[in-house]
Amino acid sequence: FLDKNNDLLFRNLKEAMCMSENKILTQCFDRDELSDKKRPDTAATQFKASLAKLMEILMSKEPSYVRCIKPNDSKQAGRFDEVLIRHQVKYLGLMENLRVRRAGFAYRRRYEIFLQRYKSLCPDTWPNWNGKLSDGVSTLVKHLGYKPEEYKLGRSKIFIRFPKTLFATEDALETRKHGLATKLQAGWKGYSQKTKYQKLRSSAIAIQAWWRGILARRKAQRRRQAANAIRRFIKGFIYRHKERCPENEYFLDYVRYSFLMNLRKNLPKNVLDKNWPAPPAALVEASELLRKMCMQNMVWSYCKKISSEWKHQMEQKMIASEIFKDKKDNYPQSVPKLFVGTRLNGEDINPKAVQALGTEKMKYAVPVTKYDRKGYKPRSRQLLLTANSAIIVEEGKLKQCIDYAALKDISVSSLSDGLFVLHVSSEDNKQKGDVVLQCDHVIETLTKIAICADKINSININQGSIKYTVGHGKEGIIDFTPGSELLVAKAKNGHLSVTAPRLNSR
């Protein structure tokens, strides 16, 4: 290679020319220069130039050595030939390279680069270090816990012996990056939320100020109106007794309006409610007219809702009120109890008695106790009321039939007993005398008799005693005395003595 690429031919020629005359030498040098310019580069010249260029490039770079190792000869995936790997590691010189690296420092970096990359791992160097770079790097590695044998500090670089030290630092940096990212996110979110909150707060303050202004203006307006109303009210109160004028018209209108509004809220709820607000002097006549109209309307509404059965019940109650109200002790207890159509059903009355009535329709039936005219012996009977007569029945027999035309009047005491006397006319030969009866529903029974016989004004309520006709012109007397319990017996004087409990009802 050296013999073929040697330039001795041209050198010998130059030496021969140097030994000749000067002129010829000058011309030869000129020709030699021309020939050198036209002559092509030899392989040695090209190799030299290429090698110089390569060295220039290598000196400007930081070289890294890469060794490629084949896992197997067949180029199969997932196959690792340990023998082949060991052979390549041995003959590629990797073990010697590792030994060299272990003997020295595997990592080296300038202070400014190292500090810029890892300054976030130390609170003293973060975010900026203002002192010398070497002092900053020293503070950083001490905070990271580097041991003295793991690193060395040079004039402008730091040297780290073990890769694991660098890997641990890189892991700490990755962890720190997440913390920094989280902190940045939190800071940005806090800033954005704070900005948003400030905008909302300023908007809320503006709305509140606007709304408070409206409320204040409304309140001031209400105060002015209230002051004017009070002023007019006081002036109207002063001139209230004078004729209607601008000074008192507001007061008079307000008094009338207040009365009508109060009347609207406190109208009577039913016909029994007698409450009525007291009217002012200017509305006395109008108040009476309104009261009559309200009562008429309530009566009309009440009557419109009453059914025929309830109307009949009310008619009976009205008759009972006319007869017994404030006259008989047990009347108040009978008021809330409704009158029934009959106290005996068809099964309670003997069929023979019903057959004996014939075509007469029974309107009311009630069990009673009849007392004999002489010995006053009590006997159980049934009182049947028809359209024409009152009939006393003993089982299936009609013991006595009293026509309503022959019934003069009816006597009853003012106490709470149930005795009453049917007075019959002495001209009727069919009757043996007056009938003394006792009933548990005396108010209801006497009301029914009064309606059927049309004897509403013929019921006498006596105090002390009742006289009745026994027969053949003889008279009997029933004495009534208040006591603790009801007792009916014949007295020593031959009278029928009735003791009845006194009720605190009148």
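At 63% relative accessibility, does D454 count as buried or exposed? D454 counts as exposed, with a relative accessibility of 63%, where buried means under 20% relative accessible area, exposed over 50%, and partly exposed in between, using a 1.4 Å probe and protein chains only. The views below show a predicted model, in which local features need pLDDT of at least 70 and side-chain atom pairs count only at pLDDT 80 or more, while totals for chains, interfaces and linings use all residues. Residues are numbered from 1 along each chain as its sequence is written, and side-chain values use heavy atoms, with hydrogens and water left out.

View 1. Most residues other than glycine have a negative phi, and most peptide bonds are trans. Helices (H or I, at least four residues) and strands (E, at least two) are DSSP runs, numbered from the N terminus. With a relative accessibility of 78%, K75 counts as exposed.

**View 2. Three strands form an open sheet with antiparallel pairing.** Strands of a sheet pair through backbone hydrogen bonds, either parallel or antiparallel. The order of the strands here is β1-β3-β2, and two strands pair if DSSP finds at least two bridges between them. The edges of this sheet are β1 (107-110) and β2 (151-153), each of which pairs on one side only. Three bridges join β2 to strand β3 (residues 157-160), and these two strands run antiparallel. Looking along this pairing, the reader can find K152 standing opposite F159 in β3.

**View 3. Ring pairs link F233, F237, F251 and Y254 into a cluster.** A search of the whole structure finds six aromatic pairs; rings of Phe, Tyr and Trp (its six-membered ring) pair if their centres lie within 6.5 Å, and planes under 30 degrees apart count as stacked, over 60 as edge-to-face and the rest as tilted. The pair of F233 and F251 is edge-to-face, because the ring centres are 4.9 Å apart and the planes stand at 65°. Since F233 lies in helix α8 (residues 163-238) and F251 in helix α9 (residues 249-265), this pair ties together parts that are 18 residues apart in sequence. F233 is partly exposed, with a relative accessible area of 32%, whereas F251 is buried, with 9%. F233 also forms an edge-to-face aromatic pair with Y254, at 5.5 Å centre to centre and with 85° between the planes. This second pair links distant parts of the chain, 21 residues apart, with F233 in helix α8 and Y254 in helix α9. Y254 counts as partly exposed, at 40% relative accessibility.

**View 4. Charged side chains sit over the rings of Y250 and F339.** A charge sits over a ring if NZ of Lys or CZ of Arg is within 6 Å of the ring centre and within 35 degrees of the ring normal. The charged end of R232 sits 4.1 Å from the centre of the ring of Y250, and K317 lies over the face of F339, 4.2 Å from the ring centre.

**View 5. Strand β4 pairs with β5 and with β10.** Six of the eight residues of β4 (residues 364-371) are buried, so this strand is largely enclosed by the rest of the structure. Over eight bridges, β4 pairs in the antiparallel sense with strand β5 (residues 378-385), and A365 has L384 in β5 as its bridge partner. The hairpin of β4 and β5 has six residues between the strands, and Y376 in this hairpin takes a positive phi near 55°. The pairing of β4 with strand β10 (residues 435-438) is also antiparallel and has three bridges, with K370 standing opposite L437 in β10.

**View 6. A387 is found in the loop between β5 and β6 (389-394).** At 42% relative accessibility, A387 counts as partly exposed. Although A387 and E360 are 27 residues apart along the chain, their C-alpha atoms are separated by 7.3 Å. Leaving aside residues up to four places away in sequence, A387 touches K361, K363, Y404 and C452, where contact means heavy atoms within 4.5 Å.
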